[in-house]
Structures are given as C-alpha cells and as structure tokens.
Amino acid sequence: MAGPVLAYWLRRFGFEPTVVERTPALRHGLGGHAVDLFGSGVEVVRRMGLWAQIHEARTRTTIMTLERRGGRPVDVNVDRLSAGISDQHVEILRGELTKILYDATRADVEYLFGDSIATVHDDGSGVDVTFDHAAPRRFDLVIGADGLHSTVRRLVFGPEEGLRRPLGGYLAVYSLPDLFDLGNRMLVHIDVNRIVSTYGVHQTGEARAAFLFRKPEELRFDHRDQEQQRQIVEAEFRDCGWRVPQLLEHLATADDFYFDAINQITLDSWCRGRVGLVGDAGFSPGPAIGGGTSLAAVTAYVLAGELASARNDLPAGLRSYEQRISRYVDLSRAAAVKTMRSVIPGSRTAVRLVPWATATLVKLPASIQKLAWSQNGLGKALGALQLPDYSPHLTSR
Ligand SMILES: Cc1cc2nc3c(=O)[nH]c(=O)nc-3n(C[C@H](O)[C@H](O)[C@H](O)COP(=O)(O)OP(=O)(O)OC[C@H]3O[C@@H](n4cnc5c(N)ncnc54)[C@H](O)[C@@H]3O)c2cc1C
C-alpha cells in the first residue's frame, strides 16, 4: 500500500521515484487477505482517481454471523458496523488493491522487482544504495515502505527485536474451497482466547479461513518455517469444535498460508537524515487490528506532500511529515491495543457478551455507534488527521 501510493504522489509532485519490491512478480489478482480503507484512507484513493475501481473490486461480505458454543448464532450487518466506524469504508482483497495501485503507477514509475536493498549509506547530500541484485545507485532519499519486517528499518534504525511490542496475539490466514456455501456471509466462531472466521471470495467462488489467538507467553517460531507455523495453528485449534476440523483439513495444502505474531512497531521517530519510514515499516499498529491499511495510505500521501512542500530541503520535509502524522500514529497504536483486547474475548463471560454487544451496537443510530468507536479509539485515530491539500505542488503529467 504505502510504496505505490507514495510513488504515485511523488511522481505527481515532479519527483522520480524507484520502487524496489522483493517479490519477483507482482503478487496481485485475487490473493491475500481482506483489508479495509476507512475515512481519510478512502479520500487518498479518491484523490488518485481510483475510488470507482476500488469500490467495484470490493469484497461483498454483507452479513457476519457470530457463533459460540451453546449460544444462538447472531447476524450482524457488516455495512452498518463499518458505518459506525467511519462514513467512508471499503473492504478489498489485498491482491486486488495492489493490482489497482500498480496499474495506476506502472507507466511512469520505475519498479525493480525481485530485489531488496542490501546497504544504505547517507553522506548528508545523498544516499548510496546497494542491492541484492541490481548495480549500486545513488538517490536523494530512501524511504522504507517494506512492511512490518522492514529491511530498511533494520539497516538504519536497528534490529526489529528492540523496536517491537508483542500484543500477545497470533494470526493465520489461508485459502480453501467454499465448504459452507458462504456467499456474502462471514462465519465467526468465538471462544476464550481464540476466534476463527471464514468468508467467501465472490470473484473465485473460494473462501478464506482466518485464525486469531492469544497466548500469555510469547511463542518462539521461525519466520521461514511454515511447517512449524502450520503445526502451531493445528495444535491451538484442533479441539475447538464447530466447523474447525473441516477448515483445518485444508491447512497442510494451502499454498498461500500466512502466519505471524500480532506485533506493533514502537519507533517514535521515522526519519534519520535522508532516510525515512512509512506505513507498517515505521509504525505498524499490529496486523488486522489497527487500521494499518488506511494508516499506510494516509501517511504515504502526507509524506509525498511534505517532501513536495520542502523540495529544496528534503530532510526538513521528512521532519515535518513526522510531526504531521505522529498523533494519528499514536492513536492508531493505542486503538489497536484496545481492539486486540476486545476482539479476542479473554473469558467465558466475554464470549457470551461479544455477539450480543455487537448486534446491539449496529442497531443503534450511526452517531451513537461513532461515539462508541471513538471510545474504543479507532474512530478517534481515523479522525486525527485532516488530509492536507498539496494540489499547488502538482506538476503536469
Ligand atoms: C492477515 C492480515 C489481515 C489484515 N487485515 C487488515 C484489515 O482488515 N484492515 C487493515 O486496515 N489492515 C489489515 N492488515 C494490515 C495491512 O495489511 C497492513 O497494515 C498494510 O498492508 C500496510 O501496508 P504497507 O504498505 O506499510 O506494508 P505491506 O502491505 O506489508 O507492503 C510491504 C511491501 O514491501 C515488500 N517487501 C518486504 N520486504 C522487502 C524488502 N526487503 N525489499 C523489497 N520489498 C520488500 C513486500 O513484499 C510488500 O509488497 C492485515 C494484515 C494481515 C497480515
């Protein structure tokens, strides 16, 4: 998200960005999990002229059915739930969003696929960069937009170990056949310290399964060892009952299996000289709980705009970007901590309350729902930054 949005706006403001993407071929199409754009995040893609396309490509999940052992299933209208958080919202598969953003930039932005930055040397007037594959080059600025496990951040700001805050949660997602004829429905099973959901992908007739769980102690696992990660998920959920055994039958063979800890990045400064960070690389609020996609879109737009405003002093542009976004980042991280607590209930009582409370909330008028979400913090975070108008810096294309 952050990389192509930043590149788009930098290009519109007359810069010449180069995007380095580790994956050899663009991971696009119908892959990946569903992500949300809310509020200012929607406004950024509107200003890019991409809203109609993104809206057309949205997931079509309209009903979320919350189930728990011994309780009646509760249906929740997803559109009403989102409207309580923000007036503007779209849910879209990450692969679809990536494709739309890439198509909007590929004609006039240089992309280096299948490569990664290996070293960065900032001498005050420029940055010398070496790559795993391409020949060394010199740039005016380097921005790490390379996600939660950012290489640029490690090279310039230090190892991830010292910059992350584990929230105690873990997340797994993979594709599987639509076993339950889901259509536009998402099924969610809630249990103490774990939830499982499955939703349909209308474009392919397939489905996704998502598993979230909390552990009191940090799990040690190898990021590259998918076999070990699949075993962790199997062990955590095999006694969960419900439809979980059928979902787990597809765990071993899923070729898009994703697993990670729900960690935040806690850095409070996102620039050093001529190097900056944006999106998850700088300030991930935690995957799936803190509005990270909107945060990435909005901060990328602001970064491009602040650099355009300080064209003759790019390090100063990075510093004003940092000031502009810091409240939004702080509130997003705080909201994610609360969401993490409420989304995975920690007791039997909470398991009983969540479906009832969610169904009650969506029946309230949107204004009252908004008040509730602002208490949770997500609504407050989304409203923390009014998008500046950088149109005076636009150059003709
Ligand atoms: C399972 C899951 C569910 C989620 N659900 C939601 C949700 O419902 N709502 C929401 O708002 N957010 C959600 N998120 C979070 C959201 O995906 C991120 O916050 C968002 O994608 C951040 O965008 P980004 O551009 O900063 O990073 P990313 O989207 O992670 O992009 C980073 C890019 O950098 C590339 N890269 C990585 N390392 C290198 C390297 N060394 N060199 C070159 N390229 C590299 C990657 O291949 C990737 O293309 C979810 C995340 C996960 C994992």
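Student: How many cavities of 30 Å³ or more does the structure hold?
Tutor: This is a predicted model, and the structure holds 1 cavity of 30 Å³ or more.

Student: What is the volume of the largest cavity?
Tutor: The volume of the largest cavity is about 30 Å³.

Student: Which residues line the largest cavity?
Tutor: The lining consists of Gly290, Gly291, Leu295, Tyr328, Ser332, Leu378, Ala381 and Leu382. Two elements, α11 (314–343) and α14 (378–382), each give two or more residues to this lining.

Student: Which element has the largest share of that lining?
Tutor: The largest share comes from α14, with 3 residues.

Student: And how does the lining divide into nonpolar, polar and charged residues?
Tutor: In the lining of the largest cavity, 5 residues are nonpolar and 3 are polar, with no charged residue.

Student: Let us change topic to the ligand. How many residues surround the ligand, and which are the closest?
Tutor: The ligand is surrounded by 28 residues, of which the closest are Ala2, Glu21, Thr151, Tyr258 and Asp280. By class, this shell has 12 nonpolar, 8 polar and 8 charged residues.

Student: What lies 3.0 Å from a nitrogen atom of the ligand?
Tutor: An N or O atom in the side chain of threonine 293 is at that distance from a nitrogen atom of the ligand.

Student: One more topic: where is arginine 164 placed?
Tutor: Arginine 164 is in strand β11.

Student: Is arginine 164 buried or exposed, and why?
Tutor: Arginine 164 counts as buried because its relative accessibility is 16%, and buried means under 20%.

Student: What does the side chain of arginine 164 contact?
Tutor: The side chain of arginine 164 makes a polar contact of 2.9 Å with the side chain of glutamate 218.

Conventions:
Residues numbered from 1 in each chain as written. Predicted model: local features only at pLDDT ≥ 70, side-chain atom pairs only at ≥ 80, totals over all residues. Heavy atoms only, no water. Near = heavy atom within 4 Å. Polar contact = N/O pair within 3.5 Å; in protein donor to acceptor, adjacent residues only side chain to side chain. Nonpolar A, V, L, I, M, F, W, Y, C, P; charged D, E, K, R; others polar. 1 Å grid on protein atoms, 1.4 Å probe; cavity = no way out; pocket = protein on both sides within 12 Å on 5 of 7 lines; lining within 4 Å. Points joined across faces, edges and corners; volume = space filled by probe spheres on them. Helix = DSSP H or I, 4+ residues; strand = E, 2+ residues; numbered from the N terminus. Buried < 20%, exposed > 50% of the residue type's maximum accessible area, 1.4 Å probe, protein only.
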